[in-house]
Amino acid sequence: MKGLKLWRTFQEGFKNYTRNGWLTVATVVVMTLSLFIVSMTMLLGITTNLILDNLRDKINISVSFNPDVTEVSILSIKQDLEKYQEVASITYISRDKALSDFIAMGDNDPVITQALEEIGENPLLASLNIKANSPEQYDVISQALTQSTFKEDINRINYAKNKTAINRLDGINKMTRQIGLILGIIFVSISFLITFNTIRINMHSRRNEFEIMRLVGASNTYIRMPSVFEGVFYGLTAAFITLVLLFIAIQALAPLTAGILTNGTLLDYYAGHLLEISLSVTALGVVLGALGGFIAVRKYLKV
Amino acid sequence: MAMIRFENISKVYPEEIIVLQDIDLVIEPGDFVSLVGHSGAGKSTLLKLIYAEEEPTTGEVYFNERPISAIQRKHLPFFRRNIGTVFQDFKLFSQKTVFENVAYALEVYGKTNEEIADEVPQILDIVGLSGKANKYPKQLSGGEQQRVSMARALIRDPKVIIADEPTGNLDPVATKDIINLLLEINKLGTTVILATHNKAIVDKLGRRVITLDNGRVTRDEQNGKYVL
């Protein structure tokens with residue numbers, strides 16, 4: 001009998017959902033906007049993080065060694081440095097590699113090749129590219145290098161140049177997280193409030209029906225469940241529309257992110273996480289709708 | 001054993017608005033009671049106390065000698081199933097058909113679809129709405145809508161029917177129909193409490209009449225007349 005009643009309240013909820021015309025449209029539109037804002041905020045937060053990760057990946061300290069330092073001794077310095085826990089990775093770039101990179105970077109520009117030919121020898125220095133585990137550690141590493149036993153071999157440390165960039169990135173990183181979090185909370189709260197209110201107005205316009213239900217002897221659960229299911233249907237519809245809108249918005253934004261993400265564009269990220277994104281937007285919609293229905297109808301359950 | 005007993009009832013709304021005071025009444029099983037009085041005399045409030053839509057400020061209402069205040073809130077819906085209610089404004093679901101409106105009273109019970117398909121047409125036949133099962137309330141006349149409401153109240157075989165101005169919106173012919181229906185139901189043993197402003201009906205009924213004035217019972221006569 002419990003199952004039968006539950007099934008009936010489910011049907012009742014579905015009927016309300018289909019019968020209420022403009023109220024349904026209004027509720028779905030508001031919920032869609034809420035879900036869209038919330039998921040856009042989240043996705044933008046994720047994107048910013050991806051961009052920052054990518055930028056952070058590009059930061060390093062480049063230590064160039066004097067031309068007379070042998071490859072063997074540079075490699076042994078590399079081994080020593082790798083023991084520091086602040087150091088994430090070190091790449092050795094030989095003079096030849098530096099030269100070929102340089103030529104490749106210039107796209108085999110004849111002017112450059114000619115200039116190099118005139119010099120007659122490789123003007124570039126061998127270097128170690130050091131990456132730290134986190135941006136704050138570059139300062140420490142840089143200091144350690146300038147006070148090291150092999151400081152005489154070092155031609156120049158290409159850190160001071162990057163220092164401002166590193167610091168600024170660090171600041172942006174912290175700021176975006178905080179702003180993102182605050183904006184996220186504000187948007188989510190406003191969206192939820194608006195959605196709850198819309199569902200409440202929707203229910204209020206049908207308050208007579210709740211009175212009838214009470215008079216006829218429907219239990220509180222029996223009165224409440226259709227509204228909860230109705231909310232779930234609103235949530236599902238809104239989630240579906242939101243996902244379509246997200247796809248369109250991301251497709252429009254994707255070209256902007258082409259150069260600054262490590263792996264492809266935002267669209268690739270969206271496609272790669274389609275299941276997670278769909279599930280979380282749907283879950284959010286369903287929870288929002290069900291909770292909205294549950295709370296909205298409470299007022300009409302008084303005896 | 002009394003069906004309904006009011007014991008020292010008063011009802012005071014906020015800001016000291018006294019709606020009912022010093023009410024002591026007994027309604028026996030099978031009674032047909034007319035409740036008369038000016039608008040605002042407290043008729044509807046008195047009825048609401050019976051189906052527990054309102055609680056008395058002082059005193060106690062007994063249903064079948066059980067105090068209503070002792071019923072837990074969550075059990076009130078089950079208690080209300082003993083009482084059929086009919087109102088001036090019919091209180092029908094506008095988006096449900098006649099059949100669905102009546103069936104709802106059985107659905108909340110958990111009756112099966114087969115039982116519902118069996119019982120609803122029977123009761124619609126009794127109230128004379130056999131051909132209208134698939135109509136919506138707005139496609140019906142006032143009298144027909146009130147008969148839907150009656151069918152819904154009757155289908156659970158209640159011990160008491162409370163009719164609060166059931167004929168207030170109806171023409172004389174429909175009014176007569178509804179009153180006759182109430183008399184029929186009463187003949188079968190159901191207690192009927194009828195609040196009304198219709199002098200002609202009350203005088204013709206020749207049954208018990210309780211008169212309320214300013215929240216007090218001013219008359220209570222078997223075989224009474226409509227006197228305000």
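In this predicted model, S34(B) has V209(B) as its bridge partner in β9(B). The two strands involved, β3 (residues 32-36) and β9 (residues 208-213) of chain B, pair in the parallel sense over four bridges.

Both strands belong to an open sheet of six strands in chain B, ordered β6-β7-β8-β3-β9-β10, with mixed pairing. At its edges are β6 (83-87) and β10 (216-221) of chain B, each of which pairs on one side only. On average, and ignoring direction, neighbouring strands of this sheet are turned by 15 degrees against each other. Helix α6 (residues 172-187) of chain B packs on the sheet and touches β3, β7 and β8 (191-195) of chain B. The direction of α6 makes about 155 degrees with that of β8(B).

P158(B) sits in the loop between α5 (142-154) and β7 (160-164) of chain B. Because 20 other C-beta atoms lie within 10 Å, P158(B) is buried. Beyond its neighbours within four places in sequence, P158(B) is in contact with N82(B), I83(B), G84(B), A153(B) and T190(B). Its C-alpha atom is separated by 9.1 Å from that of R80(B), 78 residues apart along the chain.

In chain A, helices α9 (residues 220-253) and α11 (residues 274-298) pack against each other, with this geometry and contact make-up:

| Feature of the α9(A) and α11(A) pair | Value |
|---|---|
| Angle | about 150 degrees |
| Separation of axes | 7 Å |
| Crossing | right-handed |
| Contact residues | 15 nonpolar, ten polar, two charged |

The angle is over 145 degrees, so α9(A) and α11(A) are roughly antiparallel to each other.

Definitions and conventions:
Residues numbered from 1 in each chain as written. Chains lettered and ligands numbered in written order. Predicted model: local features only at pLDDT ≥ 70, side-chain atom pairs only at ≥ 80, totals over all residues. Buried ≥ 20, exposed ≤ 12 C-beta atoms within 10 Å, placed from the backbone. Contact = placed C-beta atoms within 7 Å. Axes fitted to C-alpha atoms, helices over the stretch in contact; angles between N-to-C directions. Parallel < 35°, antiparallel > 145°, perpendicular 65-115°, else oblique. Left-handed = near helix turned anticlockwise from the far one by under 90°. Nonpolar A, V, L, I, M, F, W, Y, C, P; charged D, E, K, R; others polar. Pairing = 2+ DSSP bridges.
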